[in-house]
Amino acid sequence: MELPFQVSKSPQSNEALGEALRSAGPRAIFVEDRAQASVGASPGTPLTCRTFRVVGAAIGGDPERSLSDPYLEDVGGPRRPRMRLSRVLDEPSLQISEGRELVRGLVDMGWGARFVEFNQKIWVGGEGTVQTDGRRSRRIEMTAPGDPRVLVDRVLRANDAVTPEVLGEAAGRQAERRSRARPLGATEHGGPCVFAPGVAGLIAHELVGHALEADVALRGSRLALQSARFAPVELRVIDDPTLGRAAWRMDDEGTAPIPVTLLEDGRVSGRLLDRATAKRVRGVSTGHGRRGGYLDPVLPRMGCTYIEAGDVPAASIVRDTQRGIFVRRMAGAHADPWRGRATFVVTDADRIEGGELTQSLESFVIELDVIEALGSIDLVGDDLVFDTCIGSCVRLGQPLATSVGAPTVRLRVIRVVS
Amino acid sequence: MDWAASTAIEPLVIEARALWERARLVSSAPAVEIYLKQARRWRLRRGFEPSDALESGTACRWQARDRHSVSHVAIVGTDRSHLQDVMERATDAPSSESGSLAVGKEFPAERTDLETQDTSLNVSELREWMARDPSVDSLEVGLTTEILIGAESWVGIRTRARSSALVGRHPRLVARRGLGVAGLPDRFEDTQENGELEVPLALEPEAAGPVVAALVHAFHLGSVTIGSQVGEGWQVTDDPLSVDGLAGGTFDDAGFPASRRALSAGGRILAGIEGPGTYWRRSFRDAPLSLPSTIVVGAERSAPAGATVVHSCRVIPLARDRWVLEFPGDPTRFVQTDPGSLVRACRASFGPPAVTADGAVTPGLIFDGIVPR
């Protein structure tokens, strides 16, 4: 049908925005154009695809003004013709068809599946300059029919040869383990606990990273106040936003990030700074200033927090553990940097007996104290991997896709609370 | 400054009508609905310049030709070409049950549900309130205007004012209806000394809020067992008309008239949350679903005598029948329970009701037999 209103496909150009920002004057202007999609289905239900595009700007000043889908003129462009940014900018591309095929394939094999993707472009203008960056992430998660708990989730990378068969096999193994799972006995509270490669990155994120985000550290998080050596000297924790999924090469204030060593030689050795906190400590931003979106203020945030690889052969760590717990997946966590503690929801774990994995365990909650837990790390494997533990981090109401990494790690002390 | 007066509704209605006309042409559907939401927020954050945000978004639903399902798309902003583009490209768009699209002659041509609470903004009062307590991290006040254009071109207009703050050294959200700080708590408990917690356990409103929200989802949404036993203290109403409520209104987000609904009383479950009058959107991006509006828990004039009082609680669901309650403090305490035992253990309430950040209006709640360790 011929509609009386045809959608104009041109002119669209990101260059027009660049020119506008360069001529906008001294005010700092942040513009984001984010496309996101989710494709989901389960056996017996229709496949649904949700796509959404967020275009918005935060324009510096007193007060800072945030606007949804502003006109080009609002960010320094010409007054005529009036054009919304959503009509000017090239829409960030998504790979929905690939996600749809994966989801269809998994549903055909009897699994529930959800594909989630985002592609964000940002522009930071001010003082006649413009910085740009792009962040993107794709992941897929699988569930068993009738059970909303995620069985397996995986980050999808451009060169990954992931097929529904490979993913379905992993989901099948996990479903089988879950069906055999038994509750952790009341007498089994405590360590040691071996974390599969990647998983201990979440511990570093919650216990170390949150305490050393500079606004938190400056308000006196327990870790920031810890001057004495408390962790093994071989343990190094680093935050490098250029690694992992949703990496960034320019933060939301236009600063290129540098890797920050947070923990070294058994002590705290760094903090994550945005421009405001850098000013407070008379330092320079480390490029960790991020916004949850154009409506949110900048906060110092983690990018990819990881534990550096050690020199212990990873395969020997479980073998050298006579009795304990092997954690394969954690699905959620909550940190209290002031008290130096965090709770973690363990959703996939096995009992270790005689150096072997013997019994699958039902979900449970562990609580870790930063000084006690990191101080009890006695084995760090040589098998560093990223993004086996996936999640969004929410701080002060701002969600952000973050990344973690770690080798196989053993802690001698954990507290199982349920 | 009176924000209600400064936020012109008429241009938004005209905008929404134009979007509706465009959506009808693009979809050729027998029934089309436009939901337009605009939010203006003013935020003060310690150590930063204030910020003023204007956010708008549009959602469109249209009935499929088979009349059995409803497609849904949403855009940031109110640009008609953008909406048309998104509708034309929508494939496998999420659908919701056709019953949630308000179609019929019984809908009045126009109805309004305007904020009755104070909508004047006194900036110096907000600054003074924030300066009084260094543990207040940020303060935000906001006014939302929602325009709904329905199948027969009827119009629904709703405005709401809300204020919230991030308070305390362990930041947590407090919220109230209206613009300003009146009604926000003036003391922020920060350290909870969790010595030996003994039964019964008395959860102050802020601690009860997350528990109420989790129990409502477990027992009053989805498949509901009417008549099953609950504790005497579990007296719960879904009240979209509550003048203190952060959510709700005289009509739901699909346009159906909304009314109070007793969910539980006298130790029994009376009803679930479903059907017309309960269709709410989590945000303008989401299609309306059966959801609670403002949950109001009945208050008694009792005191938590002999009970251990806690003012912070987190619910961690491990499985459908296995929850962990976390009581942050020194030391942090935990208890593993199941939703059924928890709702039956709700023996009584105490103190006056308060608006919680979880959306419930609840007094303190007393639970028997829940022993954190």
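User: How many bridges join β3(A) to β2(B), and do they run parallel or antiparallel?

Analyst: Strands count as paired once at least two bridges link them. In this predicted model, β3(A) and β2(B) run parallel and are joined by four bridges.

User: Which residue of β2(B) stands opposite A:Ser66?

Analyst: A:Ser66 faces B:Ala53 in that strand.

User: How many residues does each chain bring to the contact?

Analyst: In general, an interface's size is often given as the accessible area lost when the parts come together. Here the count is of residues: chain A contributes 41 and chain B contributes 44.

User: Which elements supply the side of chain A that touches chain B?

Analyst: Those giving two or more residues are β2 (48–59), β3 (64–68), α2 (85–88), β14 (323–336), β15 (341–353) and β17 (364–369) of chain A. The largest share, eight residues, is from β2(A).

User: How do the residues on that side of chain A divide by class?

Analyst: The side of chain A that touches chain B has 20 nonpolar, ten polar and eleven charged residues.

User: Turning to chain B, where do its domains lie?

Analyst: Domain 1 of chain B covers 3–177, and domain 2 covers 201–367. Taken over C-alpha atoms, the centres of these two domains are 25 Å apart.

User: How many residues are in contact between the two domains of chain B?

Analyst: Residues are in contact if their C-beta atoms, placed from the backbone, lie within 7 Å. By that test, 26 residues of domain 1 of chain B meet 18 residues of domain 2 of chain B. On the domain 1 side, β8(B) gives the most, with five residues. By class, that side of domain 1 of chain B holds eleven nonpolar, seven polar and eight charged residues.

User: How many helices and strands are there in chain B, and why is it called as compact as a globular protein of its length?

Analyst: Chain B has six helices and 21 strands. Its radius of gyration is 22 Å, close to the 21 Å from the globule rule for 373 residues, so chain B is as compact as a globular protein of that length. The C-alpha trace of chain B spans about 65 × 50 × 35 Å along its principal axes.

User: What percentage of the residues in chain B is buried?

Analyst: A residue is buried if 20 or more other C-beta atoms lie within 10 Å of its own. Of the 373 residues in chain B, 49% are buried.

User: What part of the contacts in chain B join residues at least 24 apart?

Analyst: Among contacts in chain B between residues at least 6 apart in sequence, the share is 68%.

Conventions
Residues are numbered from 1 along each chain as its sequence is written. Chains are lettered from A and ligands numbered from 1 in the order in which they are written. This is a predicted model: local features need pLDDT of at least 70, side-chain atom pairs count only at pLDDT 80 or more; totals for chains, interfaces and linings use all residues. Domain bounds come from an automatic or database domain assignment. Ala, Val, Leu, Ile, Met, Phe, Trp, Tyr, Cys and Pro count as nonpolar, Asp, Glu, Lys and Arg as charged, and the others, Gly among them, as polar. The radius of gyration is taken over C-alpha atoms; the globule rule is 2.2 Å times the number of residues to the power 0.38. A residue is buried if 20 or more other C-beta atoms lie within 10 Å of its own, exposed if 12 or fewer, and partly exposed in between; C-beta atoms are placed from the backbone.
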